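Here is a short note for someone opening this model for the first time. Please keep the structure in view while reading the points.

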Amino acid sequence: MDTYSAPEDHEARLQFLTWDRTSADIEAPEHRARLAHLAEVAGASFHPTSYVAAEAAIFTSHLVLGEASWIAGHALVRGDVEFGAHTTVNPYAMISGRVRCGDGVRIASHVSIVGFNHGFDDPGVPIHMQKHESLGITIEDDVWIGANAVVLDGVRVGKGAVIAAGAVVSKDVPSMAIVGGVPARVVRYRGQSARKDSASALQRLGAAAAAQWPEVLARFRESGDYVSREADGTARRSARHLNDAIEIAAGFGALPEGLDVASTLAALQTLQDPVTGLFPDPHQPPAAGQARRDNGLALYNVLSVGYAIEVLGGRPLHRVSAVELGAVELCDWLEGLSWRERAWGAGAAVDAIGTALYFNARYFSTGRARETLFGWLAMQQDRATGLWGSPTGDEGLLQPVNGFYRLTRGTYAQFGLPVPNAERAIDSVLLNYRNYGGFAGRTYTACNLLDTIHPLLLCLRQTDYRRAEAEAVARAVIGRAEERWVDGGGFAFADGQETSLQGTEMWLSVVHLAAELLGIAEDFAFVPKGVHRTQAVGLGL
């Protein structure tokens with residue numbers, strides 16, 4: 001038989017087990033009167049489905065309580081506080097100061113969220129007389145704060161995070177992180193079991209690629225020369241195909257079958273123009289009257305040919321004098337690049353300039369061009385987006401995001417310098433990825449994914465900001481890569497194209513970068529040694 005519960009017993013129960021509230025409790029005249037009183041004296045506004053227990057202590061100047069949210073009895077809420085939808089405050093929790101909670105936040109009993117601080121720096125003034133400050137606390141959606149945890153002023157808790165019972169949180173918590181201890185530190189991330197699936201996929205793909213790369217290279221060799229399709233789907237002769245073959249083999253700790261190192265090295269070194277130090281392509285020479293530095297291939301081959309020479313144990317024969325310019329001339333060159341119309345191309349030029357300066361510093365001599373280059377970049381970056389260059393009408397952020405990869409690869413990444421405004425860059429890269437639906441069809445290319453993964457990896461070396469979202473992108477890349485590998489053929493540059501040397505080298509590098517972002521690069525057999533290597537050289541900068 002049912003046990004009778006007196007109304008006063010039910011009311012007492014709701015102080016501690018507030019999740020038992022019903023629609024009738026919410027609509028009860030005494031509850032509606034309580035909310036009306038709080039709206040008048042506590043600056044409060046309530047969603048019609050929210051609930052405040054009778055013995056909750058509310059002393060706010062501003063309070064918002066969202067849909068299906070509740071505050072239990074004996075909880076203290078004071079100051080300037082907002083709670084989103086489906087957010088709950090358990091008994092004896094204390095929220096004070098300026099606090100913003102998103103949707104689906106769970107606040108356990110005896111939690112303290114303190115969105116202000118006492119001053120105490122001046123030992124000559126009693127603490128109770130020193131000024132208060134309030135930086136505010138932001139707790140994003142889907143966060144669970146365990147019993148007796150303390151969150152201090154100025155902290156942002158990222159989406160999906162878990163704060164262990166008894167933790168003291170004094171600095172920002174990354175999204176999806178599980179933190180514990182005093183002071184709180186990241187223990188692990190939610191969903192890490194998915195890393196095991198990614199590691200297994202990496203091992204399978206790595207084993208297949210390691211066994212088949214000689215067959216893949218042989219597929220694109222004709223009469224001792226390498227011929228392969230490029231990003232536009234056209235098969236043409238180019239110096240880069242040999243370099244791609246060298247890089248693919250080197251990534252597996254080997255050399256292309258039958259390669260004569262001495263003669264190949266000599267042939268690559270002789271491609272360098274002794275006057276400018278650039279590397280015009282013998283199969284696709286610059287147009288008549290075109291300056292070497294205005295030719296895209298002559299610049300790109302600074303990377304492609306230059307790194308292949310290094311992989312074979314050599315060095316360029318000549319200093320790249322084209323980049324050793326005075327401040328005014330170098331700035332004029334940089335400012336004349338296509339930042340508004342084609343930021344990717346402008347970033348590619350900076351990539352070549354930075355790489356040329358690397359070769360000069362390592363093997364020859366260099367002036368003050370590096371300082372000028374990094375100074376110009378610091379001044380020209382868009383602080384709002386963390387990028388260089390302008391969005392375009394049809395493509396949105398695609399050009400500056402892709403240009404960010406090329407630009408930072410040859411500069412900040414190569415010389416081991418921190419990227420300015422890394423968090424804003426992460427925002428922009430993830431926004432671009434989302435705007436393209438994670439890329440699909442003709443946009444699911446080695447270029448677009450490389451230009452997403454490398455910037456995220458580079459920036460996440462400085463911050464944990466939105467790491468969980470970046471890791472989800474990396475897992476998606478790894479998950480799809482296995483199915484895109486063609487036995488004996490390698491990778492196509494883009495979905496719908498035939499396999500190629502460029503596609504194979506770039507996709508293997510993309511997968512390595514994704515694995516490195518996840519911290520499981522040791523599970524993949526390929527490690528880029530050339531254009532897409534990830535180890536900074538520094539050289540004293």
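Is H110 buried, partly exposed or exposed? H110 counts as partly exposed, at 43% relative accessibility. Buried means under 20% relative accessible area, exposed over 50%, and partly exposed in between (1.4 Å probe, protein chains only).

This is a predicted model: local features need pLDDT of at least 70, side-chain atom pairs count only at pLDDT 80 or more, and totals for chains, interfaces and linings use all residues. Residues are numbered from 1 along each chain as its sequence is written, and side-chain values use heavy atoms, with hydrogens and water left out.

1. **Two histidines in loops.** Most residues other than glycine have a negative phi, and most peptide bonds are trans. H110 has a positive phi, near 65°. H110 sits in the loop between β8 (106-107) and β9 (112-115). H86 also has a positive phi, near 55°. The loop that holds H86 runs between β5 (76-83) and β6 (88-89). H86 is partly exposed, with a relative accessible area of 41%. Helices (H or I, at least four residues) and strands (E, at least two) are DSSP runs, numbered from the N terminus.

2. **A cis bond.** V182 and P183 are joined by a cis peptide bond, with omega about -10°. P183 lies in the loop between β18 (177-180) and β19 (185-189).

3. **Q212.** Look for Q212 in helix α4 (residues 193-219). Q212 is buried, with a relative accessible area of 15%. Leaving aside neighbours within four places in sequence, Q212 is in contact (heavy atoms within 4.5 Å) with W485, V486, D487 and G488.

4. **Helix α14.** This helix covers residues 467-484, which is 18 residues. The expected span is 1.5 Å times one less than the number of residues. For α14 that gives 26 Å, and the end C-alpha atoms are 26 Å apart, so the two agree. The buried residues of α14 include A470, V473, A474, V477 and A481. An α-helix has 3.6 residues a turn, so residues three or four places apart point the same way.

5. **α9 against α11.** Helix α9 (residues 343-363) packs on helix α11 (residues 398-415) at an angle of about 10°, with axes 7 Å apart. Axes are lines fitted to C-alpha atoms, for helices over the stretch in contact, and angles run from 0 to 180 degrees between N-to-C directions. The pair is therefore roughly parallel, a term for angles under 35 degrees. Among the residues in contact are W344 and L357 of α9, and R406 and F415 of α11.

Definitions and conventions: Angles under 35 degrees count as roughly parallel, over 145 as roughly antiparallel, 65 to 115 as roughly perpendicular and the rest as oblique.
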